[in-house]
Amino acid sequence: MINCEKIIDSINVGIVTMDADLKIYYANKWFTVHNDIDAEQVIGKNILDLFEFSPERLKSLKRHIKAALTLKGPSFFTADANHYLFPMKNSTTTKSIFEFMQQDITIIPYCVEEKQVTVLIYDQTSLMEEKAKCNKESEELANANRIANATIRKLETAKNKLMKQKEIIYKQAHYDHLTSLANRTLLTQRMQLLIENNQSSGKKFGVLFLDLDNFKEINDTLGHDVGDMILIHVAKSLLLATRKSDTVARFGGDEFIILVDDIEEEKNLNHIATKLIQAITQPIRIRNFDLHVTTSIGISLFPNHGVDFNQLIKNADLALYVAKAEGRNTYKIHHQSNK
Amino acid sequence: MTTPYFNPQQEDILKELINVSFGLSASLIGDMLDNHAKLHIPDISNIAIHNLDDKIIEVLEEGYEFYLTKQRFLGSFNGEVLFVFNSYSARAFCDLLLKQEMSDEGDIKSSILELTNIITSACIGKFCEIIHGETIFKVPSIEKREISEMDKYDKIEGYDNVIVIKTALDIEKENILGHMFILLNNEMLDHLKHTIDKI
């Protein structure tokens with residue numbers, strides 16, 4: 001014969017039988033141990049003699065009992081949503097972050113006619129502690145995530161700022177502040193690159209040295225501000241008259257140098273120079289004045305007239321000198337000038 | 001296996017059965033709330049399990065957050081019941097039940113669990129009764145979810161069909177709307193349909 005009472009007294013679930021008026025008819029050992037009372041003290045007593053229920057919890061207990069009896073089925077109460085129904089102090093048996101045992105409770109009808117139910121109490125304190133711990137960790141993780149995201153955003157802003165500053169510094173170091181054309185530094189780099197590339201490929205490139213004719217007179221008569229406007233206009237005209245792959249640089253004052261790659265024949269340079277002279281000669285309207293500016297151009301060709309920067313510039317400058325001497329508004333290629 | 005859908009006759013009988021069980025639930029809920037409560041089912045349908053998430057999104061309409069309860073029932077009649085309530089309905093029911101000025105998340109969850117426990121117990125109990133089956137209810141759970149995060153939640157497995165029951169609870173001037181989803185495998189659905197056909 002199986003001793004059911006022995007089993008009921010050894011399981012880790014609280015079992016209490018009571019009626020709708022909360023009178024207790026039975027309590028297993030778990031219930032008495034967890035409440036530190038003797039079984040004899042429990043039977044026949046009202047549950048309200050054992051616990052101080054809050055009005056809300058008492059109403060909830062009565063509702064659950066009524067639901068179980070009416071539906072003739074189980075009524076559930078979960079620790080997850082309510083924490084506990086019976087205020088059983090955890091300190092009686094264990095230590096916990098919760099003052100009261102966290103409970104899952106199932107109320108099942110025992111004798112509907114007598115309005116009696118059996119209440120099963122499952123201790124979920126450890127589970128709820130774990131859950132609370134997990135929630136705390138999740139919250140900390142979410143906070144850390146928020147801080148990390150904010151830091152990433154700040155770093156990205158700083159990075160963008162640095163990139164912009166780097167761009168500005170690069171521009172200041174490599175471009176002319178007035179005309180925005182390449183300056184000497186960039187010109188030197190570009191020409192060096194062309195020399196290196198063309199030395200291996202055997203291709204030619206031209207160096208066109210431009211100097212505006214009588215620009216000093218313009219500056220002296222109309223002022224430096226007008227002179228600056230003319231330089232800006234000339235820079236734009238030169239950019240429009242050349243290819244994107246060409247380098248147009250301001251060499252200094254009213255001097256410009258243009259590097260033109262892929263020159264198959266020397267006569268191509270004549271065409272380019274003529275086009276540039278025509279572009280510059282177009283009248284410029286500044287402050288209601290129609291100004292006429294002309295330029296002289298000296299040209300050297302890599303590798304025919306030099307294989308390094310200084311040589312190519314020097315020979316282009318020599319050709320420019322000849323073009324100036326021959327009456328300006330014209331161009332000369334280095335060997336022509338030597339003839 | 002027959003078609004997963006109910007024919008009009010089966011649907012009518014099913015509605016009647018659910019209405020009977022809802023009558024019992026409504027009286028109990030009315031007692032709980034010290035008020036007259038009317039529980040009715042404006043709509044009932046049947047969908048395949050893979051359409052469950054889409055259906056939940058559809059029934060919630062504009063709601064962003066919602067409460068989902070889950071409860072399994074085991075035995076010769078087995079399956080799982082889900083309930084979905086939008087935040088407004090959940091809070092409205094909690095206010096009616098607890099009649100307190102300030103309710104927290106725990107209050108809302110426990111109120112909804114009480115409500116769904118009653119409806120589930122009555123409804124599944126009725127189904128069990130007609131198919132002469134036996135069932136044991138597992139402890140229910142409730143969680144708050146967000147529609148936008150639907151893809152991230154674990155999918156429910158082990159079922160083929162879902163009976164979708166729109167439940168409207170009229171108390172005073174409040175109309176608390178929820179949706180009950182009864183998840184069944186093909187065998188259980190067939191069993192239920194054959195029993196309904198004999199009624």
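L28(B) is buried, because 24 other C-beta atoms lie within 10 Å (a residue is buried if 20 or more other C-beta atoms lie within 10 Å of its own, exposed if 12 or fewer, and partly exposed in between, with C-beta atoms placed from the backbone). This is a predicted model, in which local features need pLDDT of at least 70 and side-chain atom pairs count only at pLDDT 80 or more, while totals for chains, interfaces and linings use all residues. Residues are numbered from 1 along each chain as its sequence is written, and chains are lettered from A and ligands numbered from 1 in the order in which they are written.

**Surroundings of L28(B)**

- L28(B) belongs to helix α1 of chain B; helices (H or I, at least four residues) and strands (E, at least two) are DSSP runs, numbered from the N terminus.
- Leaving aside residues up to four places away in sequence, L28(B) touches A67(A), T70(A) and I118(B); a contact requires C-beta atoms, placed from the backbone, within 7 Å.
- Along the chain, L28(B) and I119(B) are 91 residues apart, and their C-alpha atoms are separated by 9.7 Å.

**Contact between the chains**

- In total, 17 residues of chain A are in contact with 19 residues of chain B.
- On the chain B side, the elements giving two or more residues are α1 (8-33), α4 (105-131) and β5 (141-146).
- The most is given by α4(B), with ten residues.
- This side of chain B holds ten nonpolar, six polar and three charged residues; Ala, Val, Leu, Ile, Met, Phe, Trp, Tyr, Cys and Pro count as nonpolar, Asp, Glu, Lys and Arg as charged, and the others, Gly among them, as polar.

**Packing of α5(A) with α4(B)**

- Helix α5 (residues 55-71) of chain A packs with α4(B) at an angle of about 10 degrees, and their axes are 10 Å apart.
- The two helices are therefore roughly parallel, a term for angles under 35 degrees.
- R63(A), A67(A) and L71(A) of α5(A) make this contact with E114(B), N117(B), I118(B), S121(B), A122(B) and G125(B) of α4(B).
- By class, four nonpolar, three polar and two charged residues take part in the contact of α5(A) with α4(B).

**Chain A**

- Chain A has 13 helices and twelve strands.
- Of its 339 residues, 32% are buried.
- Among contacts in chain A with a separation of 6 or more, 56% are between residues 24 or more positions apart.
- After α9(A) comes G223(A), whose phi is positive, near 100 degrees.

Terms used:
Two residues are in contact if their C-beta atoms, placed from the backbone, lie within 7 Å. Axes are lines fitted to C-alpha atoms, for helices over the stretch in contact, and angles run from 0 to 180 degrees between N-to-C directions. Angles under 35 degrees count as roughly parallel, over 145 as roughly antiparallel, 65 to 115 as roughly perpendicular and the rest as oblique.
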